[in-house]
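Welcome! Here is a short briefing to read alongside the sequence and the 3D view.

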Amino acid sequence: MSRKTGCRMSPPKRQAVGLAWGVAVLLVLAGNDARAAIDCSVTTPGVAFGNYDASLPGPTDITGNLTVNCTRAVLDPWNVGYTLSLSRGISGSYAPRQMSSGPSRLNYNLYRDASRSQVWGDGTASTGIVSATMRFNLFQFSNSASHTAYGRIPTGQGANPGNYADNIVVTITF
């Protein structure tokens with residue numbers, strides 16, 4: 001059974017304009033899909049403390065850099081927010097992290113600030129993450145930003161000689 005309604009068919013030219021308008025509206029409404037045009041990654045050469053000397057009167061401090069690289073495929077968006085988090089490492093804890101050399105352990109930690117008061121972690125267990133925004137200029141399709149990790153080995157650890165290492169996973173969320 002067919003039923004007539006009050007709708008009127010538009011001429012073909014008008015339908016094409018309506019279709020184009022509908023696609024434009026869908027693109028605007030699909031703002032989350034526009035994020036697929038952004039790709040970000042993080043690289044780091046690692047953080048190396050060098051040889052630990054238990055006889056030093058103070059802690060062993062170092063810095064290391066993490067570089068965030070973002071690219072965009074289109075002229076939108078202008079700004080990309082991202083966060084950087086660090087894993088606990090082999091110790092399974094942020095208080096403190098530990099490096100190992102065979103069965104020997106050496107306490108250390110990584111911080112977000114130069115005063116080494118804010119442990120850089122994943123936002124749990126009193127740790128913080130790094131939040132930032134990558135900004136793009138008009139015809140700029142890639143950009144990078146550097147973030148510093150501040151490391152510290154506390155003094156007075158009677159560690160055995162050896163090569164100590166830990167494996168920290170850096171996660172970028174954008």
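Strand 3 (residues 79-86) and strand 8 pair in the antiparallel sense over four bridges, where two strands count as paired if DSSP finds at least two bridges between them. Strands here are DSSP runs (E, at least two residues), as are helices (H or I, at least four residues), both numbered from the N terminus. This is a predicted model, so local features need pLDDT of at least 70 and side-chain atom pairs count only at pLDDT 80 or more, while totals for chains, interfaces and linings use all residues. Residues are numbered from 1 along each chain as its sequence is written, and side-chain values use heavy atoms, with hydrogens and water left out.

**The sheet around strand 3**

- Strand 3 also has strand 6 as a partner: six bridges join the two, which run antiparallel.
- One place to look is Gly81, whose bridge partner in strand 6 is Thr133.
- Taken together, three strands form an open antiparallel sheet in the order 6-3-8.
- Strand 6 (130-135) and strand 8 (170-173) are the edge strands, each with a single partner strand, so one side of each is left without a neighbour in the sheet.
- From one strand to the next, the twist averages 25°, with axes taken as lines fitted to C-alpha atoms (for helices over the stretch in contact) and angles running from 0 to 180 degrees between N-to-C directions.

**A closer look at Leu84**

- Leu84 is a residue of strand 3, and Ile172 in strand 8 stands opposite Leu84.
- Is Leu84 buried or exposed? Leu84 counts as buried because its relative accessibility is 0%; buried means under 20% relative accessible area, exposed over 50%, and partly exposed in between (1.4 Å probe, protein chains only).
- Setting aside residues up to four places away in sequence, Leu84 touches Val42, Val68, Trp120, Ile129, Val130, His147, Val170, Thr171 and Ile172, a contact being heavy atoms within 4.5 Å.
- Leu84 and Phe174 are 90 residues apart along the chain, and their C-alpha atoms are separated by 9.1 Å.

**The disulfide**

- A disulfide is a covalent bond between the sulfur atoms of two cysteines; here the term is applied to a pair of cysteine sulfur atoms within 2.5 Å.
- By this rule, the count comes to one disulfide.
- The partners are Cys40 and Cys70, with their sulfur atoms 2.1 Å apart.
- Their link is right-handed, with 110° about the S-S bond.
- Cys40 sits in strand 1 (residues 38-43) and Cys70 in strand 2 (residues 60-72), so the pair ties together parts that are 30 residues apart in sequence.
- Cys40 is buried, with a relative accessible area of 7%, and Cys70 is buried too, at 0% relative accessibility.

**The aromatic pair**

- How many aromatic pairs does a search of the whole structure find? The search finds one.
- Phe49 and Tyr108 form this edge-to-face pair, 5.9 Å centre to centre and with 75° between the planes.
- For such a pair, rings of Phe, Tyr and Trp (its six-membered ring) need centres within 6.5 Å; planes under 30 degrees apart count as stacked, over 60 as edge-to-face and the rest as tilted.
- The pair links distant parts of the chain, 59 residues apart: Phe49 is in the loop between strand 1 and strand 2, and Tyr108 is in strand 5.
- Phe49 is buried at a relative accessible area of 12%, and Tyr108 is buried at 4%.

**Ser104 in strand 5**

- Ser104 belongs to strand 5 (residues 104-111) and, at 14% relative accessibility, counts as buried.
- Leaving aside neighbours within four places in sequence, Ser104 is in contact with Met99, Asn160 and Tyr164.

**The whole protein**

- The protein has two helices and eight strands, and from the N terminus on the elements run α-α-β-β-β-β-β-β-β-β.
- Of the 174 residues in the protein, 26% are buried.
- Among contacts with a separation of 6 or more, 74% are between residues 24 or more positions apart.
- The protein exposes about 11,200 Å², and carbon and sulfur atoms supply 55% of this area; accessible areas come from the Shrake-Rupley method with a 1.4 Å probe, and for residues only the protein chains shown count as cover.
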